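The stops below go from the whole chain to single residues.

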Amino acid sequence: MEVVREQTVTKKTQYIMTLIASDLPRIEEKSPPTFSPDEIILRLHDDGADGLLLKMAEF
C-alpha cells in the first residue's frame, strides 16, 4: 500500500483497487480498514441504489 500511495502522488496517476472488506488488513481484529476516508472514492454495497456501480435498476 505504501508503494501505491507513493506512485499515485508522485506520478499523478489513479489507482483502481477492488477489495472484499473481510480481506482487508487491520491493525487490530475489530479496527476499521487501513484506508483513510479520503482514499475511498466509491464504496459499493447492496443496501440501496447509491451503492450500485452502474446505477441501474435491479432486475
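What percentage of the 59 residues of the protein chain count as buried? The figure is 8%, where buried means under 20% relative accessible area, exposed means over 50%, and partly exposed lies in between (1.4 Å probe, protein chains only). This is a predicted model, in which local features need pLDDT of at least 70 and side-chain atom pairs count only at pLDDT 80 or more, while totals for chains, interfaces and linings use all residues. Residues are numbered from 1 along each chain as its sequence is written, and side-chain values use heavy atoms, with hydrogens and water left out.

**Whole chain.** Show the protein chain as a cartoon: its secondary structure comes to one helix and zero strands. Helices (H or I, at least four residues) and strands (E, at least two) are DSSP runs, numbered from the N terminus. Switch to a surface view. The accessible surface of the chain is about 5900 Å², and 57% of that belongs to carbon and sulfur atoms; areas come from the Shrake-Rupley method with a 1.4 Å probe, and for residues only the protein chains shown count as cover.

**Salt bridge.** Select Arg5 and Glu39 and show their side chains. They meet in a salt bridge at 2.5 Å, N to O. Glu39 lies in the segment after H1 and Arg5 in helix H1, so the pair ties together parts that are 34 residues apart in sequence. The rule asks for a side-chain nitrogen of Lys or Arg within 4 Å of a carboxyl oxygen of Asp or Glu, and the count by this rule is one. Glu39 is partly exposed at 34% relative accessibility, and Arg5 is partly exposed at 29%.

**Largest pocket.** A pocket here is an open set of points on a 1 Å grid over the protein atoms alone, where a 1.4 Å probe fits, with protein on both sides within 12 Å along at least five of seven lines; lining residues have an atom within 4 Å of a point. The pocket holds about 1000 Å³ of space, a volume filled by probe spheres set on grid points joined across faces, edges and corners. Its lining has 16 nonpolar, four polar and five charged residues. Ala, Val, Leu, Ile, Met, Phe, Trp, Tyr, Cys and Pro count as nonpolar, Asp, Glu, Lys and Arg as charged, and the others, Gly among them, as polar.

**Nonpolar patch.** Next select Ile41, Leu42, Leu44, Leu53, Leu54 and Met56, which form a nonpolar surface patch with about 690 Å² of accessible area together. Patch residues have over 30% relative accessible area and no salt bridge; like charges are joined within 9 Å, nonpolar side chains (Val, Leu, Ile, Met, Phe, Trp, Tyr) within 5 Å. Ile41 is exposed at 76%, whereas Leu42 is partly exposed at 47%. Leu42 and Leu53 are 11 residues apart in sequence and 8.5 Å apart in space, C-alpha to C-alpha.

**Lys12.** Finally, select Lys12 in the segment after H1. Lys12 has a positive phi of about 55° although it is not a glycine. Lys12 is exposed, with 73% relative accessible area.
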